Amino acid sequence: NKSLTIAIDGPASSGKSTVAKKIAAELDLIYVDTGAMYRALTYQALEKNVNIKDQNALVQLLKKTDITFEPNEKGQFVFSNGVDITHDIRDNNVTNTVSVVAAHPEVRKLMVKRQQDMALNNGVVMDGRDIGTVVLPDADLKIFLVASVKERAERRHKENKEKGIFSDMDQLKKDIAERDYKDSTRDSSPLKQAEDAIRIDTTKMTIDEVVNEIKQLIQKI
Ligand code: C5P
């Protein structure tokens with residue numbers, strides 16, 4: 001399994017990370033959450049008052065920003081420059097601005113390089129928006145996960161309630177639709193299904209059903 005590379009792409013809240021984490025744990029592969037990397041940079045920019053529209057300033061910031069993952073029983077911690085930012089990067093102000101940061105082509109170039117380096121000597125399950133199309137075009141298996149906006153908002157709403165976070169269904173639907181729009185209409189590697197990716201609509205599926213379907217696809221590789 002050490003050389004297996006699995007790319008999982010799809011829109012916001014389509015279940016990518018939950019599914020990717022499970023597959024990685026079961027197959028003893030490294031899980032790389034590329035969304036967390038863009039979130040970490042966004043978090044640092046907001047902390048340091050760096051203008052998120054200024055590509056150059058973001059590139060300079062990213063060069064000084066180290067982003068690492070550390071596995072734990074629930075998934076993983078995200079560290080940036082030695083500080084645990086696992087929870088901070090899920091904040092609404094990060095979620096609602098990350099797509100602006102991720103739209104800069106020079107930022108993406110550096111991120112893609114880091115992501116490719118992580119997969120160089122390791123078997124990985126990597127999730128994001130451009131993994132099958134740009135980061136790992138030769139992945140052994142490419143999955144494109146989709147679900148209706150309503151279903152994705154409901155899943156996020158339930159998660160928020162469980163975590164005790166304030167949550168409004170209508171706002172969630174709007175935010176998800178807006179992030180989908182920004183991520184799929186940007187010029188630089190937009191969210192798009194790779195030609196050789198297998199599309200799974202998870203709207204009416206449980207997490208375990210999705211995981212099982214992917215495991216069956218892995219067996220056929
Ligand atoms: O997956 P997640 O929702 O955490 O990603 C946060 C944001 O990071 C996305 O909305 C997108 O703007 C950006 N992203 C990206 N390319 C990736 C992963 C995430 O542009 N490979």
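This note goes through the charged side chains of a predicted model.

1. Overall count. Searching the whole structure gives 16 salt bridges.

2. Asp33 and Arg90. These two residues form a salt bridge, with the closest N and O atoms 3.2 Å apart. The pair links distant parts of the chain, 57 residues apart. Asp33 sits in strand S2 (residues 30–33). Arg90 sits in the loop between S5 and H4. Arg90 has a relative accessible area of 40% and is partly exposed.

3. Glu106 and Lys109. Their side chains meet in a salt bridge, at 3.3 Å from N to O. Both belong to helix H6 (residues 105–120). Because they are 3 residues apart there, about one helical turn separates them. Glu106 is partly exposed, at 34% relative accessibility. Lys109 reaches 54% and counts as exposed, since the cut-off for that class is over 50%.

4. Glu159 and Lys163. Here the closest N and O atoms of the salt bridge are 4.0 Å apart. The cut-off is within 4 Å, so I would look at this pair with that limit in mind. Both residues lie in helix H8 (residues 149–163). They are 4 residues apart, about one turn of the helix. Glu159 is partly exposed at 30% relative accessibility. Lys163 is exposed at 55%.

5. The negative patch. Which residues gather in a patch of negative charge on the surface? They are Glu47, Glu70, Asp84, Asp88 and Asp91. Asp88 lies in the loop between strand S5 (83–84) and helix H4 (92–95). Its relative accessibility is 31%, so Asp88 counts as partly exposed. Patch members need over 30% relative accessible area and no salt bridge. Asp88, at 31%, therefore passes the area cut-off.

6. The S5–H4 loop. Two of the residues discussed meet here by location. Asp88, of the negative patch, is in this loop. Arg90, the partner of Asp33, is in this loop as well.

Conventions: Residues are numbered from 1 along each chain as its sequence is written. This is a predicted model: local features need pLDDT of at least 70, side-chain atom pairs count only at pLDDT 80 or more; totals for chains, interfaces and linings use all residues. Side-chain values use heavy atoms; hydrogens and water are left out. Patches are made of residues with over 30% relative accessible area and no salt bridge: like charges are joined within 9 Å, nonpolar side chains (Val, Leu, Ile, Met, Phe, Trp, Tyr) within 5 Å. Accessible areas come from the Shrake-Rupley method with a 1.4 Å probe; for residues, only the protein chains shown count as cover. Lys and Arg count as positive and Asp and Glu as negative; His and the chain ends are not counted. The place of a charge is taken as NZ of Lys, CZ of Arg, CG of Asp or CD of Glu. Helices (H or I, at least four residues) and strands (E, at least two) are DSSP runs, numbered from the N terminus. Buried means under 20% relative accessible area, exposed over 50%, partly exposed in between (1.4 Å probe, protein chains only).
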